[in-house]
Amino acid sequence: MRGNLRVAIADDEPDMRDYLERLLPRLGHQVVASATCGTELIANVSNTHPDLIITDVRMPGMDGDTALAKIWAGSLIPAIVISAYDCPRTLTSSPSSSPFAYINKPFKWTDLKDAIEAVVARTDEMKDSR
Amino acid sequence: MSFDRSHFEYSLLQQYVGWTDADAGRVHAARELILLDTTTMVEDFYAEILRHPQTASIISGGKRQVERLKGSLRRWIAELCSGPYDAAYIERRWKIGKRHVDIGVGPMFVIAAFARLRYRMIDTLRIQWEGTTSELTETILSLNRLLDLDLSIIQDSYELENLARSEPIDETGIRKHRVLAEIGGRALEGLNVHDLFDQVVIHVAESFSANRCDLWESTGVDRQLLLRSGFGWPVEKIGQHTVTILAGSEFDFVLDHRRAIATSDWNAEKRFERSIGTETEPFESSLWVRLSAESQHFGILALHFREPRLFSHADFDFLQSVSNILSTAVARQEELQQRTENEQRLRRLVDQLPAGALYLSNHQIVVNSALEEMTGFERGELSTIEDWQRILLRQEEKPINGDSNPSLDDKGIVIHRSAVIRRKDGQERVLDIAAFRSLADEVWLLHDVTEAEYRNERALRAERLAAIGQMITGLAHESRNALQRIRACTEMLEFDLESNPSAMELLGRLGKAQDDLRRLFDEVRGYAAPITLEWQNCSVQSMLEEAWESCEPLRVGRIAHMSVTIGNAGAQEVWVDRFRIVQVFRNIFENALAACEDPAEVEVTCLETTFDEKTFVEIRVADNGPGIPPKDRARLFEPFFTTKAKGTGLGMAIAQRVIEVHGGRISVEESAKHGAEFIIALPKGSR
């Protein structure tokens, strides 16, 4: 998996959706779907089959975690979770083999760029090892 | 002295009998007549003396002495008639009196002798007189006056001399009084009774001229006596030799009698069977007295003589007095011992009490060992209540005995209070004081409740933090969302304004303000939010090194060194949340680096130690910076306390919190190099 990813995003904050929609193209990726809750995200993913999911955790209705679990039950699409809560230390400190990253709010665009690259690298590794 | 007195009295006597120069003149004028018959007079005088056996016995020196005495008498008569009646004359008469004492010529005999001489002289005068009768009468009167004066001085001298010489006659009586005074004096001085016994046997034996004197002491074994002290005994027997009191023996008898007992002649009287063990020499007479204190017999004092001897009442009384003195001394020593033992027990009770004790009377205080340890000051440094207030209490503290108690009466009252004291090492301790206060004095019982206070405080703080923590966690989460939106918008602005440098610079500042706000929220949350620990066994050294490594950005371009000394094997590892403890070390290192000038030296020493029956690893982090003033030391761990221009002032508060949730504690003192020294004690827990 190389640059120019097709990305599905989910956040209940319009400011954040706006931000991601403007930032990701600058990083060379394409936002294929934008959701305001988990339910919407699931629908978008099944419609667009994105390369990457970027989602907030806390959202009205279904939250990001639940939505991801449902999606991953079908296919393991790489994902970046953005949360105002601290990531459980077990996730950050132990080297994870899953195509998954966790970013704490507030973050800078460089943090997101690094996270995307890390997830891409890990996905490639997993494909190679298969 | 006596002669001077006599000289003075002689002048008085001269006036009294009306002796004048005219008398002297008349005697002088008649001297030829008086002296004419001297030889006859002297011969007649001694012939008379030698005629009577009583007076003859005085003269022990035979004819030669008689001749010498006749010469003396002739000289006396010649001086009597011619004078001069001066001091030398009186002195010569004075000597005659003393001489009479020497040879045993009593006053009665001298008066008689004078009468005989007087008669011979007057008779001679009358026979030979050639003048008028009235002149003869005058001369006889003058001669009589002179003879009376001579007689009075001789007699006076005799009496005084006799008195002076008669004193030593009762020398043994005096010696006994001296012995009583000596023994009594020693007993009063508090001489150990066994030493007193040793002195008694010597003194008593000497005053009686006894051949042996023994002091037997009860051994505690029934009817057994030990020779405690002895005079005239072989040295090796003293303190070793014992006797058994047999029925019918002298000891048996003596112990039954309060008064002294004697036998003047063992063989003739056969009063007692001699006790076995005392019969080493054939004594003929003995004297005993029992010794008792507080109606308990404790021994016998005995005297022995090789000859039969009659004892006087004075002897019995004397021995009784010695016994009384010894009884008093023994009773006194026993009482003293009892008192000393009681005092020691009481002193030990107070001194070994596992709580501080203080006695206050008339401003003077006495403290026990526990209180010395509590305060760090020795007894000598705290001797008055003013010392206590000045040295230990902070100035704003109210003096402990300052409050008045109108209800105070003889029964006293108990007052409870607590006080914060400053120990000698600068540490502050909280003492709980229960003071019993009476009109005369005060007794305090003190407990160091610092630990309990500390635990209380910590529990309160934890409770408060839990409440704040919940609120802060919510606040921090919501603020993160808001901050994220600000960040997102700022970055979008940056995308649009990339070509405008001054706008970009402002956006940079905005970004920095957001970072600061974020850090502040994170720290507040770190301090207040509930902490969950992930326990593991960690090497102390590696945690310290990791923390030091993480300070690398602060050390760029600086000379800074950190050393670790692990004092004992137990200090190598601790059971902690590694991440949190490294955070604490890092915080301390950051502070040290900020405070120290180059070269910055951070020395860490780790030691396993036991406190309150728990094992701790004590980690001391000392730097060579300017140190922390005592007034700031306690406040250092308060949230938002900071001496730095930058920083939230939460670093050390968080460090304290982290250490406390580990069950440990953190404090700060002055390091050996006068810098700051952080002391972290972590419990040596197990998994």
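The structure is a predicted model. Chains A and B meet in a contact that takes twelve residues from chain A and 14 residues from chain B, and within chain B the largest nonpolar core holds 51 residues, among them Phe585(B) and Val617(B).

**Where chain A touches chain B**

- On the side of chain A that touches chain B, helix α1 (residues 14-26) of chain A gives the most, with five residues.
- When this side of chain A is sorted by class, six of its residues are nonpolar and six are charged, while no polar residues are found there.

**Nonpolar cores**

- In the largest nonpolar core, the residues that touch the most other members are Val540(B), Met543(B), Phe585(B), Ile588(B), Phe589(B), Val617(B) and Ala655(B).
- Helix α21 (residues 578-595) of chain B supplies the largest share of this core, namely eight residues.
- Because domain 4 (453-528) and domain 5 (536-683) of chain B both give residues to this core, it lies between them.
- A second, separate core has 41 residues, including Leu215(B), Leu291(B), Leu319(B) and Val322(B).
- If its neighbours within four places in sequence are left aside, Phe585(B) is in contact with Met543(B), Leu544(B) and Ala547(B).
- As general background, nonpolar side chains tend to be buried together in soluble globular proteins.

**Parallel strands in chain A**

- Strand β1 (residues 6-10) of chain A and strand β2 (residues 30-35) of chain A run parallel and are joined by five bridges, with Arg6(A) standing opposite Gln30(A) in β2(A).

**Antiparallel strands in chain B**

- Strand β15 (residues 600-611) of chain B pairs with strand β16 (residues 614-623) of chain B in the antiparallel sense, over ten bridges, and the bridge partner of Thr609(B) in β16(B) is Phe616(B).
- The hairpin of β15(B) and β16(B) has two residues between the strands, and in this hairpin Asp612(B) takes a positive phi near 55°.
- Strand β16(B) is also joined by seven bridges to strand β18 (residues 676-683) of chain B, and these two run antiparallel.
- Within this pairing, Val617(B) has Leu682(B) in β18(B) as its bridge partner, and Val617(B) is also one of the residues that touch the most other members of the largest nonpolar core.

Key: Residues are numbered from 1 along each chain as its sequence is written. Chains are lettered from A and ligands numbered from 1 in the order in which they are written. This is a predicted model: local features need pLDDT of at least 70, side-chain atom pairs count only at pLDDT 80 or more; totals for chains, interfaces and linings use all residues. Two residues are in contact if their C-beta atoms, placed from the backbone, lie within 7 Å. Helices (H or I, at least four residues) and strands (E, at least two) are DSSP runs, numbered from the N terminus. Ala, Val, Leu, Ile, Met, Phe, Trp, Tyr, Cys and Pro count as nonpolar, Asp, Glu, Lys and Arg as charged, and the others, Gly among them, as polar. A nonpolar core is a set of buried Ala, Val, Leu, Ile, Met, Phe, Trp, Tyr and Cys residues joined through C-beta atoms within 7 Å. A residue is buried if 20 or more other C-beta atoms lie within 10 Å of its own, exposed if 12 or fewer, and partly exposed in between; C-beta atoms are placed from the backbone. Domain bounds come from an automatic or database domain assignment. Two strands pair if DSSP finds at least two bridges between them.
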